Amino acid sequence: MTGSFDAIVVGARCAGSPTAMLLARKGYKVLVVDRASFPSDTLSTHLVHPLGAAALSRWGLLDRLAATGCPPIHTYAFDFGPFTIAGAPGTRNAPVAYCPRRTVLDKLLVDAAAEAGAEVREGFTVEEIRVEDGRAVGIKGRSRDGSSIIERARVVVGADGLRSLVAEAVRPQRYDEKPPLCAGYYSYWSGLPTDGKFEVYIRDGRAFAAMPTHEGLTLIIAGWPYAEFEENKKDIEGNYLKTIELVPAFADRLRGARREVRFAGMAVPNYFRKPYGPGWALVGDAGYIRDFITGQGIMDAFHDAELCMDALDRTFAGTWSFEAAMSEYQRTRDARVKPMYDFTCQLATLEPPPPDMQQLFGAVHGNQKAMDDFARMNAGTISPAAFFAPANVDAIKAAA
Ligand SMILES: Cc1cc2nc3c(=O)[nH]c(=O)nc-3n(C[C@H](O)[C@H](O)[C@H](O)COP(=O)(O)OP(=O)(O)OC[C@H]3O[C@@H](n4cnc5c(N)ncnc54)[C@H](O)[C@@H]3O)c2cc1C
């Protein structure tokens, strides 16, 4: 044991490192641990929507990301077959998205946490969350050299992803649950320029998307309904290519490209967890997980880091009770993401949109302001609740 911390953060990727960094910047004593070492990859594609880029900018990290040669993405294009809706996903202050390799992004975040004064321990596996009198008080883990270590803190923050050990230990309430809906597999291709576009192709029961990333590579993810997950695992490459062949023009482009790595992919469940309790908090996927079809996870993790840090700061400073500050964190998180959660879960079924929505999309097509709003809605820049509000829908249809 090396003394007590204000916060121990378990997990050092998109949720954990920013949480540790922001707390450390406030002057708190923070330990952030991860069993991984950095740079390292993780199973995830990595579109960071404009408001995620805006968070990096607030933290002074966006220039560093841009300096890694990560190409900006200025247009989102949704090809439904009969027509394509293409628009700008961002705002005046945050106009573009990025798709940084996690090897680059996560390392940048870990370094920023260390620079802010957080103690970072890589190659450190947490084996147990220490609970005394119903309150989380620390962790027991194993460092890279095999030594067993106990550390104590006022708060243990679980930023440890989908299979969160912190959540498993404290057993928070789960709500608004939905089963896995879609399975997706991706790889990186060279020789397939996308010209700064995030391209999405939607067909009945299938979808795929292409986005430019580091080193001139293009990431392509293809998905099918979860009901086909097990069966399609038997031939991932065949099913991936069959999905792309549904769009012959894209398949032609792919023929001139080269796949650089093997396929990776999975399906994820959908649910919220209560993100706090005595001595503990959850951020990122540990607290709220949704299908990856709308690519919200990294941006959501960034927002959680800011909200959770604010709440803990109020608690540590004694201006708010832990319960008041953290329930506000939960309320704000849920209110922000809920309309996108519902939209994501609907999209992830890969079922054709209902007729009224098809009619709306037809009306959006060709109306540049509506197409920009559609791109912004998919990016999470504006809420689906605002986009699908009756007054907005009526205005789009009237203009068509
Ligand atoms: C196929 C797929 C595609 C996706 N595409 C996108 C996309 O395009 N855009 C987007 O925004 N999101 C996407 N997501 C979601 C995104 O990957 C997650 O939302 C995001 O990684 C969550 O970050 P996190 O920090 O909460 O968790 P994670 O990134 O999962 O990090 C958790 C960390 O905790 C560490 N850890 C876990 N347990 C322990 C332990 N016991 N001891 C020590 N360390 C531990 C792990 O080593 C890991 O480094 C995708 C997800 C999938 C599966």
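I'll start with T344, which sits in helix α10, residues 322–347. Helices here are DSSP runs of H or I with at least four residues, strands are E runs of at least two, and both are numbered from the N terminus. Before going on, a note on the source: this is a predicted model, where local features need pLDDT of at least 70, side-chain atom pairs count only at pLDDT 80 or more, and totals for chains, interfaces and linings use all residues. Residues are numbered from 1 along each chain as its sequence is written, and side-chain values use heavy atoms, with hydrogens and water left out.

Is T344 buried or exposed? T344 counts as buried, because its relative accessibility is 0%. Buried means under 20% relative accessible area, exposed means over 50%, and partly exposed is in between, with a 1.4 Å probe and protein chains only. A polar atom of the T344 side chain lies 2.6 Å from the backbone oxygen of M340. Setting aside neighbours within four places in sequence, T344 is in contact (heavy atoms within 4.5 Å) with R290, D291, I293 and T294.

Next, H214. This residue is in the loop between β12 (206–212) and β13 (218–225). H214 has 5% relative accessibility, so it counts as buried. Its side chain makes a polar contact of 2.7 Å with the side chain of T68. A polar contact is a pair of N or O atoms within 3.5 Å; within protein, one must be able to donate a hydrogen and the other to accept it, and residues adjacent in sequence count only if both atoms are side-chain atoms. Not counting residues up to four places away in sequence, H214 touches several residues, including T68, C70, C99 and R101.

Now helix α12, residues 368–379. How many of its 12 residues are buried? The number is 9, so the helix is mostly covered. Among the buried ones are M371, F374 and M377. Just after α12, G380 takes a positive phi of about 80 degrees.

Last, the ligand. Which of the 27 residues around the ligand come nearest? They are D34, S44, T45, D285 and I298, where being near means having a heavy atom within 4 Å. A polar backbone atom of R35 is 3.1 Å from a nitrogen atom of the ligand. For D285, a polar side-chain atom lies 2.8 Å from a ligand oxygen atom. On its own the ligand has 1000 Å² of accessible area, and the protein covers 92% of that; these areas come from the Shrake-Rupley method with a 1.4 Å probe, and for residues only the protein chains shown count as cover.
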